[in-house]
Amino acid sequence: MTQAATAAPSRTATAVRLAGVSKAFGTGSSSLLALDQVSLDFAPGEFTCLLGASGCGKSTLLNLVAALDRPSAGTVDTGGARVALMFQEPALFPWLTVTGNLELALKMRGVPRRDRRARAAALLDSVHLGGFAKKRPHQLSGGMRQRVALARALALTEDERDEEGKSTVLLMDEPFGALDAMTRDLLHDEIERIWRTRNLTVLFVTHNVREAVRLGDRVVLLSSRPGRVVQDFPVPMERPRRIDSPEVSALAATITDRLREEVGRHGA
Ligand SMILES: Nc1ncnc2c1ncn2[C@@H]1O[C@H](COP(=O)(O)OP(=O)(O)OP(=O)(O)O)[C@@H](O)[C@H]1O
């Protein structure tokens, strides 16, 4: 990840910048080009949904932004922002209580012991789970576990220094993919509220086109093998949006047609 010593003028308008990013796995004839020359800018506080057929490199892109992997070419610049990642599976520690899971994340962030209990309680309140502090993950529903996972992702961006004005980057890899439609609807409202109040820059991967239009300020469509940006759709509808509204359905239909074209082209 590029960490420039001095802030470039563009830094104020860009939370994450991918410039000419390619990622190949393997070498020689067995090498696979997962991402090819992807250039994307994400503004601070912007909610972007990434869509594409299976295998188009969406998770690879998130991994690069999280610095879990390095690009084969090009640069990924987060300007030193705090980056948190949330997956489809909540992956909580089953032997710890809900509070224990959050306190551990806060400890990893360097939050002093004396502050952890109160910070964990505040995080739990922010995802409306204040009454479940002492429960263990298996005692919660799937939706509740994802709320805890969201609180933990937010905990991983907490810092004892209160750095005003720095947008936190939250990477979400199909976080609601395993949930039923009603729970997912509720969590859409939750994530939208938290995104607004915390001024998060969100990169949200999904296979669900309506979900992308419900949530995103923009929807970026990627092609497969190699992953390239096919089209960047702005989502102009006012919030709050309903996933089953005619406006969301109409734009989702347009994007689905474009996605089908891409899938047809690549036989994915
Ligand atoms: N560590 C790896 N080694 C080799 N190939 C990989 C590796 N990680 C991903 N790939 C390949 O790179 C391509 C992109 O994978 P990636 O998981 O990023 O796609 P995706 O769009 O997130 O897929 P899905 O929607 O199915 O989750 C795929 O062809 C995948 O097989």
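1. Helix 3 and helix 4. In this predicted model, helix 3 (residues 113-126) packs against helix 4 (residues 142-155) with an axis-to-axis distance of 9 Å and an angle of about 130°. The two helices are therefore oblique to each other. Helix 3 passes helix 4 in a right-handed crossing. Leu123, Leu124 and Ser126 make the contact from helix 3, and Ala151, Leu154 and Ala155 make it from helix 4.

2. Helix 2 and helix 4. The axes of helix 2 (residues 98-108) and helix 4 cross at roughly 20° and come within 8 Å. With angles under 35 degrees counted as roughly parallel, that makes helix 2 roughly parallel to helix 4. Helix 2 passes helix 4 in a right-handed crossing. On the helix 2 side the contact consists of Val98, Asn101, Leu102, Ala105 and Leu106; on the helix 4 side it consists of Val148, Ala151, Arg152 and Ala155. By class, the contact of helix 2 with helix 4 has seven nonpolar residues, one polar and one charged. Ala151 and Ala155 are listed in the contact with helix 2 and also in the contact with helix 3.

3. Helix 4 and helix 5. Here the axes cross at roughly 25° and come within 10 Å, helix 5 being residues 181-198. Helix 4 and helix 5 are therefore roughly parallel to each other. Their crossing is right-handed. Gly142, Gly143, Gln146 and Arg147 of helix 4 meet Thr183, Leu186, Leu187 and Glu190 of helix 5. The contact of helix 4 with helix 5 comprises two nonpolar, four polar and two charged residues.

4. Ligand surroundings. The shell around the ligand is formed by Phe25, Leu32, Ala34, Gly52, Ser54, Gly55, Cys56, Gly57, Lys58, Ser59 and Thr60. Strand 2 (32-42) and helix 1 (58-65) each contribute at least two residues to this shell. Helix 1 gives the most, with three residues. Sorted by class, the shell has four nonpolar residues, six polar and one charged.

5. Cis peptide bonds. Most residues other than glycine have a negative phi, and most peptide bonds are trans. Against that background, two bonds deserve a check. The peptide bond from Arg225 to Pro226 is cis, with omega near -5°. Pro226 sits in the loop between strand 8 (218-222) and strand 9 (229-234). The peptide bond from Arg239 to Pro240 is also cis, with omega near -5°. Pro240 belongs to the loop between strand 9 and helix 7 (246-266).

6. Backbone of Gln37. Gln37 has a phi near 55°, which is a positive value in a residue other than glycine. Gln37 lies in strand 2, and strand 2 is one of the elements that supply at least two residues of the ligand shell.

7. Overall dimensions. The protein chain contains seven helices and nine strands. Its radius of gyration is 19 Å; a compact globule of 268 residues would have a value near 18 Å, so the two agree. Taken along the principal axes, the C-alpha atoms of the protein chain fill a box of roughly 55 × 45 × 40 Å.

How values were computed
Residues numbered from 1 in each chain as written. Predicted model: local features only at pLDDT ≥ 70, side-chain atom pairs only at ≥ 80, totals over all residues. Near = placed C-beta within 6 Å. Helix = DSSP H or I, 4+ residues; strand = E, 2+ residues; numbered from the N terminus. Nonpolar A, V, L, I, M, F, W, Y, C, P; charged D, E, K, R; others polar. Axes fitted to C-alpha atoms, helices over the stretch in contact; angles between N-to-C directions. Parallel < 35°, antiparallel > 145°, perpendicular 65-115°, else oblique. Left-handed = near helix turned anticlockwise from the far one by under 90°. Contact = placed C-beta atoms within 7 Å. Rg over C-alpha atoms; globule rule 2.2 N^0.38 Å.
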